[in-house]
Amino acid sequence: MANEEQIEAWNGSMGEKWAERQDRMDALLEPLSRLALEHANVGAGEVVLDIGCGCGATSIAMAAKGRSVTGYDISAPMFAAARERARGVDNVSFVEADASRVALEPVGDVLFSRFGVMFFDDPVAAFTNLRSGLKPGGRVCLLVWRSLMENEWMAQPLGAIMAFIESRGAPNPRAPGPFAFADKDYVAELLAKAGFVDIGFEEIDGKLELGSSAADAVREFSEMGPLASLLEQANERDKAVAAVQEVMAAHVDDDGAVRMGAACWIVSASVA
Ligand SMILES: C[S@@+](CC[C@H](N)C(=O)[O-])C[C@H]1O[C@@H](n2cnc3c(N)ncnc32)[C@H](O)[C@@H]1O
């Protein structure tokens, strides 16, 4: 089955943990999310497809402004949170389906995603399908991470942990995962192959507030996300956690919170 591993992961502990922390995740991503929503500039009466909408934050934000939004996702625990949060909000609906294969009608004005499109096994096929959900002239606005090395919030703690992990060789940077769309030439090529035109990239740099203190940030990294599973495999877990603590401590601001640099693309494209 296409996208099997990701569907399993997002329906398992990854999706459950994200859903438990939905407000914290939304607060963390807010500075980047705001820029993407501004960039999408969805107008009155426009129809939006929010791909990989997760717990629904961006779908609900757009619907609250009167836009008509359908969120697509494959994570049951995240959808449960999205439906709960969307109670009383008009103009928003959710479809539990693999966005790469779901049957779509060409009714959309905007294809939007906040970090929800980097998980397809076959991105060209997925975006060819997603294009079928847009009207002629419809546009795309995708917020995706740039490279791991440009995202110090992940690269630095990861680097600290890797000293305690047996090397398994370099991973494929385009394998489904958060950083799969880092290479803009690759993304431009796949969108062109999927039939999009006017493909463009805007660099977004910001800071993520990872925790209210170094200890809070370390706790969060040890409980959720790729670093949590690596910490489970570390030879000397306590030393690996201490190394992450050291990284976090070096980024404590005057108010005690930990903030580190984040780097994204806002990808735009349209349908001829
Ligand atoms: C990093 S989360 C982002 C969630 C949400 N957009 C947000 O910013 O809070 C990635 C999302 O993509 C979803 N996803 C992954 N593969 C998918 C697929 N094939 N079809 C639809 N959604 C998918 C996951 O279930 C998850 O909700």
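Ala, Val, Leu, Ile, Met, Phe, Trp, Tyr, Cys and Pro count here as nonpolar, Asp, Glu, Lys and Arg as charged, and the others, Gly among them, as polar. The model is predicted, so that local features need pLDDT of at least 70 and side-chain atom pairs count only at pLDDT 80 or more, while totals for chains, interfaces and linings use all residues. Residues are numbered from 1 along each chain as its sequence is written.

**Exercise 1.** Work out how the residues of the shell around the ligand divide by class.

*Solution.* Begin with the shell itself: 24 residues surround the ligand, where a residue counts as near if its C-beta atom, placed from the backbone, lies within 6 Å of the molecule. The closest are Trp-10, Gly-52, Gly-54, Ser-75 and Ala-99. Sorted by class, the shell holds 13 nonpolar, eight polar and three charged residues.

**Exercise 2.** Decide how helix H2 (residues 13–20) is oriented against helix H5 (residues 76–85).

*Solution.* Helices are DSSP runs of H or I with at least four residues, and strands are runs of E with at least two, numbered from the N terminus. Axes are lines fitted to C-alpha atoms, for helices over the stretch in contact, and angles run from 0 to 180 degrees between N-to-C directions. The two axes come within 7 Å and cross at roughly 25°. Because angles under 35 degrees count as roughly parallel, H2 is roughly parallel to H5.

**Exercise 3.** Find the edge strands of the open sheet.

*Solution.* Seven strands follow the order S3-S2-S1-S4-S5-S7-S6 with mixed pairing, a pair requiring at least two DSSP bridges. Strand S3 (92–96) and strand S6 (196–211) each pair on one side only, which makes them the edges.

How values were computed: Parallel < 35°, antiparallel > 145°, perpendicular 65-115°, else oblique.
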